[in-house]
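Subject: Handover of a structural model

Dear colleague,

Please find below the structure that I am handing over to you.

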Amino acid sequence: ILPKCRTFTEEFTLKDGVWNLQNINTKERTAQAFLRVDEESLAKFNNRVRQILMASGSTTFTKIVNKWNTALIGLMTYFREATVHTPELLDLLVKCENKIQTRVKIGLNSKMPSRFPPVVFYTPKELGGLGMLSMGHVLIPQSDLRYAKMTDREATHFRSGMSHEEGQLIPNLYR
């Protein structure tokens, strides 16, 4: 929380992930709250993913992905837009999502990328996929920076994570 008396200028920042707090009586902005996910919650989510992986001995791939989806939806509904403004959580989401996918790949005794295109994981169950939800890919991968020169629009977020040769869009829970 940044109170008004500690701002160097009279202006408050107007951007996502920042809530303006105001006095009910005077309607004056008195402070700003910068939304973030705390370290304890990051550890809880990481431990939940570890628990899913440890308990997934000989369970089906669908059950593993369902547990991942439940944990991810729980995290997103609780923290909402604070998720996107916590870089540590975005990194943790990429890491945990990769762990879940690696668990499925190990279950089939192969980690060869050509055998596991993104469509295997992210396609809905009705169409033969695992129906995995993704929040690890809400930001543009660092490797796509070279495409920024092709447009006059400027990309604002870059994160290194999983990549795919065809540049397929992966469905996610962001917005």
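Helices here are DSSP runs of H or I with at least four residues, numbered from the N terminus. In those terms, Lys111 is located in the loop that joins H3 to H4. Please note that this is a predicted model.

**Overall architecture**

The protein chain contains 4 helices and 5 strands. Along the sequence, these elements follow the order β-β-β-α-α-α-α-β-β. The chain has 175 residues, of which 34% count as buried. Among contacts with a separation of 6 or more, 58% are between residues 24 or more positions apart.

Helix H2 covers residues 61-79 and helix H3 covers residues 87-107; their axes are 10 Å apart, at an angle of about 170 degrees. H2 is therefore roughly antiparallel to H3, since the angle is over 145 degrees. On the H2 side, the contact involves Phe61, Ile64, Trp68, Leu72 and Leu75; on the H3 side, the partners are Leu89, Leu93, Cys96, Glu97, Ile100, Arg103, Val104 and Gly107. Sorted by class, the residues of this contact are 10 nonpolar, 1 polar and 2 charged.

The axes of H1 and H2 come within 10 Å and cross at roughly 170 degrees, so H1 is roughly antiparallel to H2. H1 contributes Ser41, Phe45, Arg48, Val49 and Ile52 to this contact, while H2 contributes Ile64, Lys67, Trp68, Ala71, Leu72, Leu75 and Phe79. The contact of H1 with H2 comprises 9 nonpolar, 1 polar and 2 charged residues.

For H1 and H3, the packing angle is about 0 degrees and the axes are 11 Å apart. H1 is therefore roughly parallel to H3. Leu42, Phe45, Asn46, Val49, Ile52 and Leu53 of H1 meet Glu88, Leu89, Leu92, Leu93, Lys95, Cys96, Lys99, Ile100 and Arg103 of H3. This contact of H1 with H3 divides into 10 nonpolar, 1 polar and 4 charged residues.

**The nonpolar core**

Which residues touch the most other members of the largest nonpolar core? They are Phe45, Trp68, Leu89, Leu93, Ile100, Phe121 and Met132, in a core of 28 residues. H1, H2, H3 and helix H4 (118-122) each supply at least two residues of this core. H2 gives the most, with 8 residues.

Phe45 also has a listed set of contacts: leaving out residues up to four places away in sequence, Phe45 touches Trp68, Ala71, Leu72, Leu75, Leu92, Leu93 and Cys96.

**H2 in detail**

The 19 residues of H2 should span 27 Å at 1.5 Å a residue, and the end C-alpha atoms of H2 are 27 Å apart, which agrees. Buried residues in H2 are Ile64, Val65, Trp68, Asn69, Ala71, Leu72, Leu75, Met76 and Phe79. Their cover includes helix H1 (39-54) and H3.

Gly74 also belongs to helix H2. Gly74 counts as partly exposed because its relative accessibility is 35%. The C-alpha atom of Gly74 is separated by 9.6 Å from that of Phe45, a residue 29 positions away along the chain. Just after H2, Arg80 has a positive phi of about 45 degrees.

H3 has 21 residues and reaches 31 Å from its first C-alpha to its last, close to the 30 Å expected at 1.5 Å a residue. Leu89, Leu90, Leu92, Leu93, Val94, Cys96, Glu97, Ile100, Gln101, Arg103, Val104 and Lys105 are buried in H3. Asn109 follows H3 and has a positive phi, near 65 degrees.

Apart from its neighbours within four places in sequence, Lys111 is in contact with Thr102, Lys105, Ile106 and Phe116. The C-alpha atoms of Lys111 and Gln101 are separated by 9.5 Å, with the two residues 10 apart along the chain.

Yours sincerely

Definitions and conventions
Residues numbered from 1 in each chain as written. Predicted model: local features only at pLDDT ≥ 70, side-chain atom pairs only at ≥ 80, totals over all residues. Heavy atoms only, no water. Axes fitted to C-alpha atoms, helices over the stretch in contact; angles between N-to-C directions. Parallel < 35°, antiparallel > 145°, perpendicular 65-115°, else oblique. Contact = heavy atoms within 4.5 Å. Nonpolar A, V, L, I, M, F, W, Y, C, P; charged D, E, K, R; others polar. Expected span 1.5 Å × (residues − 1). Buried < 20%, exposed > 50% of the residue type's maximum accessible area, 1.4 Å probe, protein only. Core = buried A, V, L, I, M, F, W, Y, C linked by side-chain atoms within 4.5 Å.
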